[in-house]
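Please find below a note on the model under review. The points are numbered so that each may be checked against the coordinates.

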Amino acid sequence: MEMIEKRERRQALLTKVIFIVLLLVIWEVTARAHIFGKRSEIVFPTLESIGKAFIRNFTFGYAGTSQWIYILNSMRFLLEGLCIGIGLAFILSGLSMVSKTIDTIFNLCVSIFDLLPGVALLPVVIVIFGVKPGVIVFLVVHAVLWPMSRNVLDGFKAVPEIYLEAGRNLGMKNTQLLFGVYIPAATTYIVSGLKVGWARAWRGLISAEMIFGIASSPGIGLFINQMRTNMNNAEMYATLIVIIIIGLIVQYGILNPIENATVKKWGMTK
Amino acid sequence: MSAILEIRGLTKAFLNTGKKDKTEVLNNLNLSVEPSEFLCILGPSGCGKTTMLRCVAGFESYEGDVLVNGKLETGPGTDRIMIFQDFNQLFPWKTVEKNIQYGLKLQGIKDKAELKRISDSALKKVKLDGYQNFYPYQLSGGMKQRVAIAKAFALKPSIILMDEPFAALDAMTRTKLQKELMQLHEQEDCTILFITHNILEAISLGTRIIVLQTGGDIVVDKKNPIPKPVTPDSPGYGPFWTELHNALYA
């Protein structure tokens with residue numbers, strides 16, 4: 001069994017590698033063949049120039065500010081927003097389990113705001129608060145709060161009655177039930193909420209930064225936009241790669257380990 | 001000897017959904033259970049057996065009084081531990097050992113060595129020594145029920161309430177678990193209320209057997225006259241079986 005599994009995994013990896021190499025070859029051929037005439041160098045910079053731009057972004061950066069600074073700023077906004085958003089989602093969903101009125105109102109809010117793109121809120125938020133780093137954090141919170149809440153609420157409602165009765169039988173009440181039964185029993189939902197929430201937050205963050213970068217604390221979205229306005233297309237592509245790498249690190253470095261340590265370990269999901 | 005469990009005038013009605021009328025499941029049920037009794041409750045589906053047990057456990061609201069050791073009960077508590085038929089009554093996010101220790105921790109036992117000692121001895125009693133660190137999904141149905149039994153006994157409740165805990169098991173596992181439960185009942189000196197549809201199971205396990213009919217009407221209430229271990233060959237088995245069978249299918 002294990003042998004077959006290992007072989008299948010190796011084959012899957014090989015397929016992925018071949019696919020990526022193939023894409024890169026096609027890219028390089030397109031770049032070198034100058035298919036788009038004079039524009040070719042701008043639309044399809046060679047892999048070599050993208051690679052050099054990748055390094056240059058970190059060493060020289062834009063106007064002397066390394067891309068590290070941009071990345072760190074974005075990460076700070078993201079982390080702040082995620083913490084506030086996830087915290088609020090748990091608090092509000094928890095309150096919804098206690099009070100029917102809160103439940104009704106909160107469900108309505110989730111239904112309405114989940115459909116409202118953060119960037120559409122941007123003009124309103126700027127008019128009210130002005131252009132501050134807090135605005136970007138606000139948008140990240142908006143991006144993560146609603147999908148996370150939807151999942152946590154659904155998860156709490158799907159907790160099997162038997163776990164609750166077993167818990168009550170052991171003398172558990174209110175907050176003990178919330179932390180001891182509701183949250184662990186809803187972990188499958190919570191983890192999928194984290195995945196959706198993080199993805200929305202990441203996208204929301206980049207869009208917000210692209211639309212209005214804050215000079216005092218510039219983020220990665222602003223960086224890519226600056227590259228576009230300056231026609232530094234190789235740098236632009238290099239930044240795209242950085243954005244993808246950050247996404248992969250979060251997925252494989254944070255989310256997957258969380259899943260492995262909880263729902264997979266407990267046999268609640270395959 | 002004073003009763004460990006006293007049920008007085010227990011009445012329970014469920015509101016019919018969408019209608020204004022009610023269905024009365026239990027009507028003025030009175031029952032008194034002595035300490036160390038193994039009370040088996042037989043009855044057709046819908047007679048209110050499970051509802052009665054759930055009222056005693058404190059999971060339902062009801063009219064009437066439930067007294068344990070002379071004290072009026074108003075909600076769930078660890079003096080009455082319920083073992084369900086559903087195999088998924090253990091918390092899947094806790095290991096076997098932690099499932100057993102959880103209730104003890106809530107009771108205020110903080111010492112890790114003490115917790116370990118109690119859970120180890122409970123697991124030994126249900127022949128699951130060595131499964132301490134398994135997660136429930138890694139166990140078979142019979143093993144899960146064993147853990148549930150170990151968990152209940154570890155808490156040393158006054159009464160253990162069992163709602164057809166072996167009904168979903170295969171015949172061989174069922175017989176094994178019945179034997180183990182009987183041994184535990186003798187060793188641990190506890191009171192058990194055990195619901196079943198199976199007359200043989202009731203005669204094999206119970207020291208006292210009652211038969212409920214619709215509305216929670218107790219139509220038979222007898223000490224079990226058959227000496228243990230019970231086989232179909234035991235003297236008096238046939239007539240007792242017939243009596244219970246007739247009361248059940250009346």
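1. Basis of the note. This is a predicted model, in which local features need pLDDT of at least 70, side-chain atom pairs count only at pLDDT 80 or more, and totals for chains, interfaces and linings use all residues. Residues are numbered from 1 along each chain as its sequence is written, while chains are lettered from A and ligands numbered from 1 in the order in which they are written.

2. Overall form of chain B. For 250 residues, a compact globule would have a radius of gyration near 18 Å, and chain B agrees, with 18 Å (taken over C-alpha atoms; the globule rule is 2.2 Å times the number of residues to the power 0.38). Along the principal axes, its C-alpha atoms fill a box of roughly 50 × 50 × 40 Å. Of the 250 residues, 41% count as buried; a residue is buried if 20 or more other C-beta atoms, placed from the backbone, lie within 10 Å of its own, exposed if 12 or fewer, and partly exposed in between.

3. Domains of chain B. Domain 1 comprises 1-22 + 31-49 + 163-172 + 196-250, and domain 2 comprises 91-159; such bounds come from an automatic or database domain assignment. The C-alpha centres of the two domains of chain B lie 28 Å apart. Six residues of domain 1 are in contact with five residues of domain 2, contact meaning that C-beta atoms placed from the backbone lie within 7 Å. On the domain 1 side, the residues divide into six nonpolar, no polar and no charged (Ala, Val, Leu, Ile, Met, Phe, Trp, Tyr, Cys and Pro count as nonpolar, Asp, Glu, Lys and Arg as charged, and the others, Gly among them, as polar).

4. Chain B has seven helices and 10 strands, defined as DSSP runs numbered from the N terminus (helices H or I, at least four residues; strands E, at least two).

5. Strand β1 (residues 5-15) of chain B pairs with β4 (residues 63-68) of chain B in the antiparallel sense over five bridges, and Glu6(B) stands opposite Leu67(B). Leu67(B) is also the bridge partner of Leu72(B) in β5(B). The hairpin of β4(B) and β5(B) has two residues between the strands, and Asn69(B) takes a positive phi near 50° there.

6. Contact between the chains. Which numbers of residues does the contact take from chain A and chain B? Chain A gives 15 residues and chain B gives 20 residues. Helix α8 (residues 161-169) of chain A supplies the largest share of the chain A side, six residues. By class, that side has nine nonpolar, four polar and two charged residues.

7. Thr59(A). This residue lies in helix α3 (residues 47-59) of chain A. Is Thr59(A) buried or exposed? Thr59(A) is exposed, because 9 other C-beta atoms lie within 10 Å.

Note on methods. Contact = placed C-beta atoms within 7 Å. Pairing = 2+ DSSP bridges.
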